[in-house]
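Here is a short briefing to read alongside the structure. It goes through strand pairing, helix packing and chain contacts in turn.

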Amino acid sequence: MNTWVVGQLIRKDWQLNRVLIFASIFAGILALAVVQLATEATAVVGSVWFFIALILVGCMLPIGIVNERKKQNLAFLMSLPISSIQYTTSKLLSSTGLFLIPWLTLVLAALLSIGVRGIFPRGVIPLLLILALMPFVGFCIITAASLMGESEGWGIAANVACNSSYGLAYYFLCRVPAVMSNAASRVVVWNSTILKILGTELALIPLLLGVTYFVQSRKRDFV
Amino acid sequence: MSSMNGTFSISQTDKRPMYLQIMGQIKQRIAVGDWEEGRPISSIRQLAVDLRVSVITVKRAYLELEREGVIVTQQGKGSHVASTPGLGARLREQELGKYLEQAARIAAQLGIRGEDLEHRLREAGDRISEKETI
Amino acid sequence: MSENYHHDLAIELRGVCKKYRFFSLDHIDLDVPQGQIMGLIGPNGAGKSTTIRILLGLVHQDAGEARVLGHRMPAEQVTAKWDIGFASEDMRLYESMTLGWHMNFIRSIYPTWDAAYAQVLLKRFGLLAEQKIKGLSHGQRVKSTLLLVLARKPKLLVLDEPTTGLDPVARHEILRELTDVMADEGRSVLFSSHNTQDVEQISDQITFIDRGRIIDSMDKETYLDRWRRLRLEVPSGIELPVLPGIIGVRQEGRLAVATANAFEPDLANAYENSGAIVQRIENMTLEEIFVANVAHSREEVEA
């Protein structure tokens, strides 16, 4: 019986957040369109905007989680026939699902535009994936902090920490020779450094979400 | 059935406990003749809902009324005014008795007794009759 | 773990304990029979909200057993919450959504939602489904939260301060809905309130809680019957006897007021026999009992 209630909660989160989702997809597509203008300046500007769109949706979605507790909606939700762990599950599922919608859409759109239009050479694809996965990891960190943290300070701290790190991370990544070496090539080249980085990012995602689930399931006072 | 309780008024600022107020109002309706002997009355729960008071208060009122022979409650059949003939008149008598006793008590405190008391009572009676003829 | 719980108890707490840093719930025993209204009263910080949260499975007690509608809490909270309607004073709805959205949300979850009754409540409470929550006044928000809970017609209503902050008209509307619930003897209500008038009016049972302990728990009529205020005239030279059932005497000159929490007519006789004159014996309102009780129980603890 309870998949039903969890499902209703996910639907509720969609209804609360759909404007944000559509807005971020729109912003990302717009950024890709700017890239298509094919000058060096627009390529840079458009690319930056593209990643900003991903970063933004990654930090604004978890804000809803913090607000749910802060604005005392939690008592209302927990009066429904769910357990605290089912609430956590619904939150993890809906947040990740909501994030994946724009993320997948935009990454696929970017891959398509690279493959079809060729403003950027295909060698850039591994780099694109590495860079695009970072907001995803950041999103998981912020979501984890927002759900596990008992006060809103944790979510905010995670938000600030991630946002200030993206710039640095991007800078350092682009200086790793193994990552950049084949960026200009016309075919996609995978090497072990790239694969290791991608692997780490991809592993962090379920790890962070899993730890959150585990920690939340241990709590005895939920509201 | 709930319309019969429309004019009940239970007040929290009245110093008497609520169950006594309810008893008083039921007895009054019988005494005045609005509720005749044998008439069915609301169930305990229904009256509680109508008056916005707790069931236990109405239950107590009904129990006391039953003990005094004013109403009868039958399991599964609800409650009704006792079918004793002359119930209304008897209740009126009781009211009168209560007031007279109260008057006598106050009079005693003031030192008015015996013939004096009788005289005062007659005076009061006359005043009432005067007002009625006007 | 006892298996012989009573089927006719909507709520059953046995020896429930919960320890926080600055406050503990100490061996709470509580019974709410089905079909009754239980009023929970006590000063701020007494433990009413904690007790209620344990009832809902939102807080896990450190010791003791809690059963609600026969279900063990918090283990069976999901099953129990299908039949429990909970509203608390600190509960908030989603500001950016409308009342109508919330009604649809609840309706999509609970099969017992009564749409016709919901419309009746909208009218009675003077609310509009199209309004966003953020545009509502405090009283309207409270009424909205209560509407969402009432329209489902749950078997048990658990309400934490349902009338606090409401104007008199709104309060009477809420009391009306709560007593309407009583028309069905399969439904029960537990509510906590500072408003002793409301508790006195509609409760079948009253439970008094202070500093994490239950001071009194019994049916309202018996409870109110045990308390009296005796106004005495004490001639000079007479000393008032100490009597059982009297929890406090205040004397100024020749006038004294004795507060009884276990009143019997013999008490009045005992005073008269000692030479004092009993001028009046007064019933006490629940508010007066509340104040006297809290003061008395705190004296006892300190003694």
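Two strands pair if DSSP finds at least two bridges between them. With that in mind, strand E1 (residues 9–19) of chain C and strand E4 (residues 63–68) of chain C pair in the antiparallel sense, over five bridges. Please keep in mind that this is a predicted model.

**Strands of chain C**

- Within the pairing of E1(C) and E4(C), Glu12(C) stands opposite Arg67(C), which belongs to E4(C).
- E4(C) is also joined to strand E5 (residues 71–73) of chain C, by three bridges, and these two strands run antiparallel.
- Val68(C) has His71(C), in E5(C), as its bridge partner.
- The hairpin of E4(C) and E5(C) has two residues between the strands, and Leu69(C) takes a positive phi near 55° there.

**Helix packing in chain A**

- Two packed helices are described by the angle between their axes and the distance between the axes.
- For helix H4 (residues 84–117) and helix H5 (residues 125–148) of chain A, the angle is about 165° and the axes are 11 Å apart.
- Angles over 145 degrees count as roughly antiparallel, so H4(A) is roughly antiparallel to H5(A).
- The crossing in which H4(A) passes H5(A) is right-handed.
- On the H4(A) side, the residues that meet H5(A) include Thr88(A), Lys91(A), Phe99(A), Trp103(A) and Ile114(A).

**Where chain A touches chain C**

- Here 20 residues of chain A are in contact with 20 residues of chain C.
- On the chain A side, the elements giving two or more residues are helix H1 (2–35) and helix H3 (73–78) of chain A.
- H1(A) provides the largest share of that side, with five residues.
- The class make-up of the side of chain A that touches chain C is ten nonpolar, six polar and four charged residues.

**Where chain C touches chain B**

- This contact takes 18 residues from chain C and 14 residues from chain B.
- Helix H6 (168–181), helix H7 (196–202) and helix H8 (220–226) of chain C each supply at least two residues of the chain C side.
- H6(C) gives the most to that side, namely four residues.
- By class, the side of chain C that touches chain B has seven charged, six nonpolar and five polar residues.

Technical notes: Residues are numbered from 1 along each chain as its sequence is written. Chains are lettered from A and ligands numbered from 1 in the order in which they are written. This is a predicted model: local features need pLDDT of at least 70, side-chain atom pairs count only at pLDDT 80 or more; totals for chains, interfaces and linings use all residues. Two residues are in contact if their C-beta atoms, placed from the backbone, lie within 7 Å. Ala, Val, Leu, Ile, Met, Phe, Trp, Tyr, Cys and Pro count as nonpolar, Asp, Glu, Lys and Arg as charged, and the others, Gly among them, as polar. Axes are lines fitted to C-alpha atoms, for helices over the stretch in contact, and angles run from 0 to 180 degrees between N-to-C directions. Angles under 35 degrees count as roughly parallel, over 145 as roughly antiparallel, 65 to 115 as roughly perpendicular and the rest as oblique. A crossing is left-handed if the near helix is turned anticlockwise from the far one by less than a right angle, and right-handed if clockwise.
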